[in-house]
Amino acid sequence: MWQYYDCGVKLLSFSLQSINLGWLWSQCRRQLLPERFNLQISETIDFSNGDSSVSLPGPSLCVEVGVGSGAVLTFLGGIIGSSAHYIGTDISRHAAVAARSTGQHNNILIDTVQTDLVTALLPRCSGCVDVMLFNPPYVVTPSEEISQGGIAATWAGGVNGREVTDRLLPLVSRLLSPSGRFYLLLLEENQPGDVHQILSDTGLSGEEVIRRRSGPENLSVWCYKRK
Ligand SMILES: C[S@@+](CC[C@H](N)C(=O)[O-])C[C@H]1O[C@@H](n2cnc3c(N)ncnc32)[C@H](O)[C@@H]1O
């Protein structure tokens, strides 16, 4: 059921200071990944406050919560390079194994851990995460569907599609480094304004960085950092 993806990272060689990440990731997505993959997050990663170039100093810690196939984190690894440490978490053991394989297949070292959200990273990684990504299970479903396990974990978000996301939100500011960024993908039904308020109350400021329609889904990606 789980596959790794050959993301063609080795084919792409760019200067770290001048990458247009939006372009790069949209190329990767168009050529190499199934259209249904929700890679909007990866199309928007930008650590530079607007000039679309990367300026991530020194070794860094990048964490993807709910890493799934590992395709997104692998792309990030292809861009930032081997100076960073990549960790993917997932509730699913299959996903943790697949993500590691996807990284290996593309020469990106990804450490994966089967854990609920970021439980295994706390408290040790507090204040240390430079880039944190989350493409949550965001579909509005009955709450019971979340605990069904199996493939339902990839989509079932419970009430407002927010039940899983809401458990992560209070932990984000604990994990982020002083200049860390948190990228979160949301569906319109997830009430992004409400999420924004919750994160703001924990000392983070953020903005919507992209909005896309994907079939019936109105999706947006938000980027947060410390105020
Ligand atoms: C929408 S998929 C995103 C997969 C991948 N990150 C991507 O963008 O293609 C959500 C992922 O979150 C994982 N997940 C769901 N609940 C989780 C939890 N409580 N803790 C960790 N991972 C979880 C699922 O197994 C799934 O891999």
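Which residue follows α3, and is its phi positive or negative? It's G81, with a positive phi near 95°. This is a predicted model, where local features need pLDDT of at least 70, side-chain atom pairs count only at pLDDT 80 or more, and totals for chains, interfaces and linings use all residues. Residues are numbered from 1 along each chain as its sequence is written.

**Helix α3**
- Helix α3 spans residues 71-80 (helices are DSSP runs of H or I, at least four residues, numbered from the N terminus).
- Of its 10 residues, 10 are buried, meaning 20 or more other C-beta atoms, placed from the backbone, lie within 10 Å of a residue's own.
- Among those buried residues are F75, G78 and I80.

**Packing against α4**
- The axes of α3 and helix α4 (residues 93-105) come within 9 Å and cross at roughly 30°; axes are lines fitted to C-alpha atoms over the stretch in contact, with angles from 0 to 180 degrees between N-to-C directions.
- So α3 runs roughly parallel to α4 (angles under 35 degrees).
- On the α3 side, A71, L73, T74 and G77 meet A99, T102 and G103 of α4.
- By class, that contact has three nonpolar, four polar and no charged residues; Ala, Val, Leu, Ile, Met, Phe, Trp, Tyr, Cys and Pro count as nonpolar, Asp, Glu, Lys and Arg as charged, and the others, Gly among them, as polar.

- Leaving aside neighbours within four places in sequence, V172 is in contact (C-beta atoms, placed from the backbone, within 7 Å) with M132, F182, L199, T202, L204 and Y224.

Note on methods: A residue is buried if 20 or more other C-beta atoms lie within 10 Å of its own, exposed if 12 or fewer, and partly exposed in between; C-beta atoms are placed from the backbone. Helices (H or I, at least four residues) and strands (E, at least two) are DSSP runs, numbered from the N terminus. Two residues are in contact if their C-beta atoms, placed from the backbone, lie within 7 Å. Angles under 35 degrees count as roughly parallel, over 145 as roughly antiparallel, 65 to 115 as roughly perpendicular and the rest as oblique.
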